[in-house]
Amino acid sequence: MEFGKRRALKIQPEIENLETLYVTNIPMYRSPPMSEVSIQDFEEMVIDRLRLLRILELSSLKNFKPYSKEWKEFLITEFNAAGLKAYVRLIQGGSGQKENVLQARRRDYVSHFLLRLAYCRSHELRKWFIARETELFRLKFMDLSPDGVSEFLKVHDLKYEEMSVKEKERFKEKIAACTYSGTAASVDNNKYFKVPFARVPDLVTTGRCYLYRGIAYVSASDIISIVSTDFKKNLEDGLLAQTKIISEVDNDERVYHIIRNLHKSYIGKDYATGTAGNVAPQQLDDLSKKSYPLCMRIMHEHLKSTHHMKYDGRLQYGLFLKAIGLSLEDALRFWEEEFTKVISAEAFQKNYRYGVRYNYGKEGSRRNFTPFGCRKIIDSIPIAPQVHGCPFRNLRDSRLRDKLVSYGVSRSHAEEITGMARVGNYQEACKRYFEISHDVQLALSFTHPNKYFEESQNVIRNRRRGGDGAQPIPKIKTEVERLLDDDAKLWEDPANEFNIEEDKLVDPFTQDPSSVSTQQVMDWEAAM
C-alpha cells in the first residue's frame with residue numbers, strides 16, 4: 001500500500017476491478033491491498049474502523065449473551081447511529097446496489113490493514129486489536145446459510161471436507177441424538193464438515209459435534225469455531241510481520257502523525273445537528289466568555305472587533321455555532337449584522353449568505369456538515385488575516401500567556417498552560433484551561449470544541465442547582481471515556497516491545513517550537 005507524496009490519488013472504481021479484488025463480504029485479510037490511498041482517506045478510514053471496534057468493545061459491557069440476536073441488534077443500531085452504514089451493509093449480507101456493496105468491501109479491507117499500522121506495536125495493542133477484529137469477523141459470519149458457509153470455505157481455499165450424503169445418512173440419527181440438531185430431518189437440511197476433534201475442543205466439551213474415530217462432524221453453523229481460530233492465527237502472524245517493516249512506514253511523517261495520535265482522535269458524537277433555537281444570537285457574547293473553548297472565543301472576539309472573518313474561520317466557527325443550537329435564520333442574522341458594519345447588505349447577500357446556508361445543508365450538495373474536531377483544528381495552520389486553528393499551537397508563548405491572563409487566568413496558571421502548549425500537549429492545555437476556568441477536574445482531555453461547550457454548560461447548570469455554595473464538581477468517567485482512557489494506556493505501556501526511534505522522526509506534537517515557521521506564527525498573531 002502506498003501513500004501519494006504530492007498529489008493524493010484516490011482509488012478509482014472504474015480503474016480497479018473491485019469485483020475481482022474484493023470477492024467476499026467476509027475476508028480473511030491474508031494479503032495487503034496494492035493500491036494508493038490519499039492521506040485524507042487514510043485518516044477517515046482508520047477513524048471509522050476504530051469507532052467500529054470501540055463500539056464492539058462497548059457491547060461487552062452490556063451483559064449480552066455472546067453472539068446472540070440481542071447482541072447483534074444492539075451493534076447494528078449503534079453502527080447506524082455512528083454513521084458506519086457501509087459496515088452494516090456487509091454484516092447484513094451485502095444487500096443493496098452492487099457498486100455500493102463493492103465499495104463497502106473495499107473500505108472494510110483497506111481500513112483493516114491501515115489500522116494494523118497502529119495496532120501492531122505492542123503485545124497489548126495486538127491483543128486488543130485481534131479480539132475486536134475477531135468479534136467483527138464472527139458478527140459477519142453468524143448469519144451465513146449452509147450454502148454461504150460452503151462458498152466462504154471455497155473462496156478462502158479452506159480444506160474442510162464436507163460430509164457426503166452417504167455419511168450423513170449413516171450418522172444422522174447419532175448426530176441428532178448427541179447434538180443440538182434436534183431431529184434427523186434437521187440434519188438432512190444442514191451441512192456438516194469433518195475436522196480433527198482436537199481442532200474444536202469447545203464444541204467437543206459442549207456437545208455440539210458428533211465424534212467418530214477422532215473426527216468431529218461439525219455443522220455449518222458451528223464451523224465458525226475453527227474458522228475463527230484460523231482467522232486469529234492469520235491475524236497474529238500478520239501483525240508480528242508488520243512490526244518488522246513499521247519503521248519504513250513511520251518515515252512518512254504524515255502517516256506517523258496520524259498513527260501516533262490515533263487514540264486521541266475524536267470518534268464520539270459528531271454534532272452534525274444541534275438543537276435549533278437552543279441558542280439566540282444575543283446570547284453569544286456571554287456564552288463566549290463562559291463556555292467557549294479558547295479557539296472559538298478568540299474567533300468570536302475577532303469577528304466582533306473587525307466585523308469580518310475569512311472563509312476557513314467562518315467554516316470552523318459557523319459549524320460550531322450550528323452545533324450549539326444556533327438556527328439557520330439566526331445564523332444568517334448574526335453574520336449579516338456583523339458583516340454589514342463594514343460592507344453593504346447587498347454585498348453580504350451576494351458573497352456570504354450562500355456560505356451560511358451551505359453549512360446548514362441548504363445549498364450545494366446539501367450535506368449535513370459536522371463541526372470540526374480538535375485534530376482537524378490543530379492541523380489547520382492559518383495565515384494572516386485568518387484566525388482559525390488552535391491558539392495553543394499557533395500563538396507564541398508570550399501572546400498565549402497574555403491572552404489567558406486577560407481572560408481571568410492567574411499568571412502562574414497561564415504559565416502552566418503555556419508550558420503544556422510549548423511541548424505540543426495542545427489538548428491537555430485546553431483541558432487545563434477548562435479546569436481552571438470552571439474549578440473542576442476532568443478525567444480526559446477534549447477531542448472536540450463542542451464537547452468543551454457541552455461540558456461547560458453541564459457544570460454551570462449543576463452549580464445553579466447547587467446554589468452559591470456549590471463545591472467543585474468532579475468529573476465521573478462514562479463507559480466510553482473509560483474505554484478511551486484504557487486505549488490510551490495501551491499506547492503508553494512502558495513494556496511496549498516495539499520502540500519507535502523518535503529522535504529520527506519529526507513529531508509535530510513534540511518538536512521544538514522554534515522549528516515552526518516564524519511567518520506562520522507571526523501571521524496568526526497579526527490577525528489578532
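Predicted model: local features only at pLDDT ≥ 70, side-chain atom pairs only at ≥ 80, totals over all residues.
Residues are numbered from 1 along each chain as its sequence is written, and side-chain values use heavy atoms, with hydrogens and water left out. The chain carries 27 helices and four strands (DSSP runs numbered from the N terminus: H or I of at least four residues for helices, E of at least two for strands).

**Overall picture**

- Of the 528 residues, 50% count as buried (under 20% relative accessible area, with exposed meaning over 50% and partly exposed in between, using a 1.4 Å probe and protein chains only).
- The accessible surface comes to about 26000 Å², and carbon and sulfur atoms own 50% of it (Shrake-Rupley method, 1.4 Å probe; for residues, only the protein chains shown count as cover).
- Take the contacts between residues at least 6 apart in sequence: 71% of them join residues at least 24 apart (a contact means heavy atoms within 4.5 Å).

**The sheet**

- The four strands make an open, antiparallel sheet in the order β1-β2-β4-β3 (two strands pair if DSSP finds at least two bridges between them).
- β1 (161–162) and β3 (210–212) sit at the edges with a single partner strand each, so one side of each has no neighbour in the sheet.
- Helix α8 (residues 165–178) packs on the sheet and touches β2 (192–196), β3 and β4, its direction making about 125° with that of β3 (axes are lines fitted to C-alpha atoms, for helices over the stretch in contact, and angles run from 0 to 180 degrees between N-to-C directions).
- Tyrosine 210 faces tyrosine 217 in β4.
- β4 is mostly covered, with four of its five residues buried.
- β3 and β4 form a hairpin with two residues between them, and arginine 213 in the turn has a positive phi of about 55°.

**Cores and helix packing**

- The largest nonpolar core has 67 residues, and Phe42, Phe79, Phe137, Phe141, Phe152 and Val227 touch the most other members (a core is a set of buried Ala, Val, Leu, Ile, Met, Phe, Trp, Tyr and Cys residues joined through side-chain atoms within 4.5 Å).
- Leaving aside residues up to four places away in sequence, phenylalanine 137 touches Ile26, Pro27, Met28, Phe152, Ile224, Val227, Ser228 and Phe231.
- Another core lies apart from the largest one and has 55 residues, among them Tyr292, Leu319, Leu332 and Ile378.
- Helices α16 (residues 311–324) and α17 (residues 328–339) have axes that come within 11 Å and cross at roughly 140°.
- That makes α16 oblique to α17 (under 35 degrees is roughly parallel, over 145 roughly antiparallel, 65 to 115 roughly perpendicular and the rest oblique).
- Arg314, Tyr317, Gly318 and Leu321 of α16 meet Phe334, Trp335 and Phe339 of α17.

- The peptide bond from alanine 384 to proline 385 is cis, with omega near 5°, and proline 385 lies in the loop between α20 (374–379) and α21 (391–394).
- Aspartate 157 is not a glycine, yet has a positive phi of about 55°; its loop runs between α7 (146–155) and β1.
- Histidine 307 has a positive phi near 60°, sits in the loop between α15 (294–306) and α16, and is buried at 17% relative accessible area.
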